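Please read the following account with the sequence and the coordinates side by side.

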Amino acid sequence: MDQRIVVIDFETTGLSARTGDRAIEVAAVEIIDGQVGRHFASLMNPGVHVPSFITGLTGITNAMVRSAPDSMAVMRGLAQFVEDAPLVAHNAAFDAGFYGHEMRMQGIDRENPFLCSLRVARRIYPRAPNHKLSTLADYVDIPMQGTFHRALADADLTARIFVTMCGDIRARYGIRSLSVALLERLQSVRVASADAWLTKVGYEETAGTR
DNA sequence: TGCCAGGCCCTCTTTAGGGCCTT
């Protein structure tokens with residue numbers, strides 16, 4: 001894939017922006033020419049309390065958030081880093097919800113398309129024990145660098161898993177031009193028929209170059 | 001008062017239910 005894409009991960013106060021939860025940390029990692037490149041990462045202060053459960057899960061404390069830049073500054077920096085790139089997240093519905101919510105709260109108009117590494121993984125690695133980020137890292141033999149449930153470590157790991165998945169798709173099915181559009185199509189193919197669909201796509205691409 | 005996320009995905013389905021995944 002020669003298009004610049006950006007992997008994004010939020011740490012938040014809970015599971016839903018709609019019920020008042022807010023982002024407290026964000027990281028974005030770019031992928032260019034199939035290689036992991038620059039990153040953007042920051043804690044952010046939305047002015048809300050961090051629940052003890054979240055501190056236990058992430059290690060992010062109320063003191064850390066209070067001394068962080070406010071949400072406006074961080075989301076502006078994130079918008080500059082992301083630009084108009086397609087975004088990738090593990091369980092994208094979650095991160096897309098917070099991305100849209102936090103951008104709107106700061107008056108920033110962004111409509112980046114999202115790809116879901118979880119949905120792709122379910123189709124490419126149907127035999128994995130499960131499709132949690134940590135399990136997938138073990139399954140494709142990628143070591144974690146950093147701490148789970150911190151934004152930069154999770155985004156970087158997601159980026160390296162995504163690059164590996166794209167490489168496996170190319171190698172397994174003979175697909176050379178692995179575009180964002182093709183991955184969006186793959187996400188909508190039923191899990192049970194993804195293997196046959198990718199085989200067909202690879203065959204058609206090979207036939208088209210003869 | 002009682003409840004409190006929500007989209008994806010499979011199956012003992014489709015007039016539904018429950019597990020998976022994210023924090």
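In the hairpin formed by S2 and S3, 2 residues lie between the strands, and Asp-33 adopts a positive phi near 55°. This description rests on a predicted model. S2 and S3 run antiparallel and are joined by 7 bridges. Within this pairing, Ile-31 has Val-36 in S3 as its bridge partner.

On to the next pairing of S2. Strand S2 (residues 23–32) is also connected to S1, again in the antiparallel sense, by 8 bridges. Strands of a sheet pair through backbone hydrogen bonds, and the pairing may be parallel or antiparallel.

Is S1 buried or exposed? Of the 8 residues of S1, 8 are buried, so this strand is largely enclosed by the rest of the structure. Ile-5, Val-7, Asp-9 and Glu-11 point one way from S1, Val-6, Ile-8, Phe-10 and Thr-12 point the other way, and all are buried. Burial here means under 20% relative accessible area, with only the protein chains taken into account.

In helix H5 (residues 117–124), 6 of the 8 residues are buried, so the helix is largely enclosed by the rest of the structure. The buried residues of H5 are Ser-117, Leu-118, Val-120, Ala-121, Arg-123 and Ile-124. Helix H8 (residues 180–188) has Val-180, Leu-182, Leu-183, Leu-186 and Gln-187 buried. These residues cover an arc of only 160° around the axis, which puts them on the same side of H8. An α-helix has 3.6 residues a turn, so residues three or four places apart point the same way.

DNA strand B is surrounded by 28 residues, of which the closest are Glu-11, Arg-123, His-131, Leu-133 and Val-191. Of the atoms of DNA strand B that come within 4 Å of the protein, sugar and phosphate account for 69%. By class, the surface near DNA strand B comprises 10 nonpolar, 9 polar and 9 charged residues.

A backbone N or O atom of Thr-12 is 3.0 Å from a sugar or linking oxygen of DNA strand B. Arg-119 places a polar side-chain atom 3.4 Å from a phosphate oxygen of DNA strand B. For Arg-122, an N or O atom of the side chain lies 3.5 Å from a sugar or linking oxygen of DNA strand B. Strand S1 (5–12), helix H1 (52–58) and H5 are the elements that give two or more residues to the surface near DNA strand B.

Notes: Residues are numbered from 1 along each chain as its sequence is written. Chains are lettered from A and ligands numbered from 1 in the order in which they are written. This is a predicted model: local features need pLDDT of at least 70, side-chain atom pairs count only at pLDDT 80 or more; totals for chains, interfaces and linings use all residues. Side-chain values use heavy atoms; hydrogens and water are left out. Buried means under 20% relative accessible area, exposed over 50%, partly exposed in between (1.4 Å probe, protein chains only). Helices (H or I, at least four residues) and strands (E, at least two) are DSSP runs, numbered from the N terminus. The arc is that of the directions from the helix axis to the C-beta atoms. A residue is near a molecule or strand if one of its heavy atoms lies within 4 Å of it. A polar contact is a pair of N or O atoms within 3.5 Å; within protein, one must be able to donate a hydrogen and the other to accept it, and residues adjacent in sequence count only if both atoms are side-chain atoms. Ala, Val, Leu, Ile, Met, Phe, Trp, Tyr, Cys and Pro count as nonpolar, Asp, Glu, Lys and Arg as charged, and the others, Gly among them, as polar. Two strands pair if DSSP finds at least two bridges between them.
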